[in-house]
Amino acid sequence: MSSIKRPETKLVPVPSVNKIPERDVDKSPILEAQHLGIDFGGLTAVNEFNMAIGRTEIAGLIGPNGAGKTTAFNVVTGVYQPSNGAVWFQEKKIIENYPQGKMKKTYQGENQGMFTHKLAPTPDQITHMGMARTFQNIRLFSSLSVLDNVLIAKHMRAKHNVFSSTFRLSRREEARMRREAIALLEEQNLDHLQDEVAGSLPYGLQRRLEIARALATEPKLLLLDEPAAGMNPQETHELTDFIRQIHTRYDLTVLLIEHHMDLVMRISDRIYVLDFGKLIAQGTPEEIQNNPRVIEAYLGVADDAEN
């Protein structure tokens, strides 16, 4: 793992099972998950997952392949419903579930009985709340132009309705959204490509466009699922700078899943580590680099014969 030094981030408790950076202690966490668990047919994919993200953070979620990272993302963004647990976003509980029916007998996770209600918003409803994400596999509208990809996301915040659209009363708003989409592309250095077909762009630019499209929904929290996947070292370095820039420019909280350890260690204030669906560590990059459980999860334990 990288040995790059990071500014120290002191963590302090919040009134739950979690911690946030000391600089955010006067504000509630933007995102908090408590006791999340999800079972698929008796297989526990995530168990007792607790996390809180401070409002000024860039946080990382790492772990070996199959550790449950994307599953946790999918629960937080409403793609999957948890089998147990709850999620708060901007102080409001948005997701909750508990084992019901046959699940009462088959659920293998902990803290069964702690939660008693069901809240299950759809992914688009969660996006409206101010949470946006990208995916491990790029999900652009590949046959549409770069500009149209961003405009589609802009419509998430449109105020017109069927009546105003039918009678062309929304032309002013359409013009405004187009101007804002072009301005967003300019900020991301993609404006010269606005008429290009999205699927024809190089891989690194497609990744950047996917992030730009997420930004068009005007989020408060941006979740990035392996944004550096498939990138060469130069593209990864540029992506690192790009994430820092949007974090500052848009006053965003960022949570990312990533396998590129150099990127994670360079950019994260704090890192969570999952292994076999359970949280095994959290801390600053320096703490994670030197954590024996994390090293074992990634590298395994050497055979006695090799010692």
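Reply: The secondary structure of the chain comes to 11 helices and 12 strands, where helices (H or I, at least four residues) and strands (E, at least two) are DSSP runs numbered from the N terminus. This is a predicted model, in which local features need pLDDT of at least 70 and side-chain atom pairs count only at pLDDT 80 or more, while totals for chains, interfaces and linings use all residues. Residues are numbered from 1 along each chain as its sequence is written, and side-chain values use heavy atoms, with hydrogens and water left out.

Of the 307 residues in the chain, 52% are buried, buried meaning under 20% relative accessible area, exposed over 50%, and partly exposed in between (1.4 Å probe, protein chains only).

Cavities and pockets are found on a 1 Å grid over the protein atoms alone: a cavity is a set of points where a 1.4 Å probe fits but cannot get out, a pocket is an open set with protein on both sides within 12 Å along at least five of seven lines, and lining residues have an atom within 4 Å of a point. Grid points are joined across faces, edges and corners, and a volume is the space filled by probe spheres set on the points. The structure holds one cavity of 30 Å³ or more, and about 30 Å³ of space lies in the largest cavity. Its lining is formed by Leu36, Gly37, Ile38, Val46, Val75 and Pro82, which by class gives five nonpolar, one polar and no charged residues (Ala, Val, Leu, Ile, Met, Phe, Trp, Tyr, Cys and Pro count as nonpolar, Asp, Glu, Lys and Arg as charged, and the others, Gly among them, as polar).

Strand 3 gives the largest share of that lining, three residues. This strand, residues 31–40, has nine of its 10 residues buried. Strand 3 pairs in the antiparallel sense with strand 4 (residues 43–53) over seven bridges, two strands being paired if DSSP finds at least two bridges between them. Leu36, one of the cavity-lining residues, has Phe49 of strand 4 as its bridge partner. In the hairpin of these two strands, which has two residues between them, Gly41 takes a positive phi near 60 degrees. Strand 3 also pairs in the antiparallel sense with strand 6 (residues 84–89), over five bridges, and there the bridge partner of Ala33 is Val87.

Among the open spaces, the largest pocket has a volume of about 440 Å³. Its lining has 20 residues, of which Thr127, Arg133, Phe135, Arg213 and Thr217 lie nearest its centre, and the elements that give two or more residues to this lining are helix 3 (123–129), strand 8 (131–133), helix 4 and helix 7. Helix 3 gives the largest share, four residues, and the lining divides into 12 nonpolar, four polar and four charged residues.

Helix 4 is largely enclosed by the rest of the structure, because seven of its nine residues are buried. The buried residues of helix 4 pack against helix 6 and helix 7, and they include Val150 and Lys154.

The lining of the second largest pocket divides into seven nonpolar, no polar and four charged residues.

Definitions and conventions:
Contact means heavy atoms within 4.5 Å.
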